[in-house]
Amino acid sequence: MTVTAKPIILYSNSSCPYVQRALIALYECDLDHEAVEIPLPNKPDWYLELNPEGKVPALKYGDDILVESLVIAEFFSDLAGGKLLPKDPLKKAQARYLIEFFGAKFLPLYYSILGNTDTEKAKLLEQQFVENLKRLNKLLSAQSTEGPFYFGEEFSLVEAAVAPFLSRFTPMAKIGGIQIPKIPELQRYHQWSDAVGQRESFIKSSLSSQELYESCEALALKYRG
Ligand SMILES: N[C@@H](CCC(=O)N[C@@H](CS)C(=O)NCC(=O)O)C(=O)O
């Protein structure tokens with residue numbers, strides 16, 4: 001375990017996928033830290049003073065505060081000598097692009113699928129979701145045909161960023177009434193998702209399958225009003 005120049009305090013919530021991104025990066029970089037659980041949605045006033053956005057995760061590094069899960073996860077990587085990103089500028093840019101692509105293509109759909117109760121709309125959402133998965137599959141194969149990770153054997157910031165959502169796709173599909181097919185065009189995607197699910201840092205930071213399902217159900221209820 002590496003003790004950093006200043007102490008790390010991560011303000012967390014165990015059911016938050018964005019917090020999990022930061023935790024995975026922390027575990028991968030083996031950094032000494034303290035995690036403080038923030039109850040949601042009723043955050044204490046002292047937390048709102050510390051982070052006026054009122055969101056988790058937030059990081060206290062010495063006297064400084066950092067927010068936004070991807071910023072925090074990359075900061076942990078930098079504290080560990082850039083452990084989670086390739087040194088090569090092109091590969092680094094490709095990692096950032098994949099994270100960007102995943103965020104833009106899947107996060108809005110994830111919330112739409114969870115919030116939807118209309119069976120006709122579910123079919124459209126499923127089509128969009130599967131089309132996006134096919135594009136993702138191509139991006140993964142173009143980077144590494146063998147896998148299992150985006151950069152082959154190397155687990156990177158890409159996996160830390162997507163893992164919490166990959167693990168929520170199964171409960172999301174069940175709750176939103178869509179199918180994620182096991183077809184050849186998605187073979188590399190399924191290989192990737194399975195490998196991420198078996199990674200120690202992911203398992204250590206994850207809720208149980210039942211808890212994940214309940215957390216997605218609670219989110220669906222919130223979105224369905
Ligand atoms: N873009 C932020 C999103 C963080 C976020 O939305 N966190 C949720 C919990 S999963 C939150 O704190 N919501 C405020 C609340 O529920 O009151 C990040 O990546 O860190």
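The legends below describe close-up views of a predicted model.

**View 1. The shell of residues around the ligand.** In this predicted model, the residues that surround the ligand are Asn 13, Cys 16, Tyr 18, Leu 40, Pro 41, Gly 54, Lys 55, Val 56, Pro 57, Glu 68 and Ser 69. By residue class, this shell divides into 6 nonpolar, 3 polar and 2 charged residues.

**View 2. Helix H3 and what covers it.** Helix H3 spans residues 69–79, and its buried residues are Ser 69, Ile 72, Ala 73, Glu 74, Phe 76 and Ser 77; Ser 69 also belongs to the shell around the ligand. After H3 comes Gly 81, which has a positive phi, near 75 degrees.

**View 3. The largest nonpolar core.** This core has 44 residues, and those with the most contacts inside it are Ala 22, Ala 25, Ala 73, Leu 157, Val 158 and Ala 160. Because domain 1 (8–80) and domain 2 (89–224) both give residues to the core, it lies between them. In soluble globular proteins, nonpolar side chains tend to be buried together.

**View 4. The surroundings of Val 158.** When neighbours within four places in sequence are left aside, Val 158 is in contact with Ala 95, Leu 98, Ile 99 and Tyr 150.

View 5. An unreviewed UniProt entry lists residues 88–212 as "domain: GST C-terminal". In the model, residues 88–212 are 74% helix and 0% strand, and the C-alpha atoms at the ends of this span lie 36 Å apart.

How values were computed. Residues are numbered from 1 along each chain as its sequence is written. This is a predicted model: local features need pLDDT of at least 70, side-chain atom pairs count only at pLDDT 80 or more; totals for chains, interfaces and linings use all residues. A residue is near a molecule or strand if its C-beta atom, placed from the backbone, lies within 6 Å of it. Ala, Val, Leu, Ile, Met, Phe, Trp, Tyr, Cys and Pro count as nonpolar, Asp, Glu, Lys and Arg as charged, and the others, Gly among them, as polar. UniProt positions are given in the numbering used here, feature names are shortened, and annotations may be inferred rather than shown by experiment. Helices (H or I, at least four residues) and strands (E, at least two) are DSSP runs, numbered from the N terminus. A residue is buried if 20 or more other C-beta atoms lie within 10 Å of its own, exposed if 12 or fewer, and partly exposed in between; C-beta atoms are placed from the backbone. A nonpolar core is a set of buried Ala, Val, Leu, Ile, Met, Phe, Trp, Tyr and Cys residues joined through C-beta atoms within 7 Å. Domain bounds come from an automatic or database domain assignment. Two residues are in contact if their C-beta atoms, placed from the backbone, lie within 7 Å.
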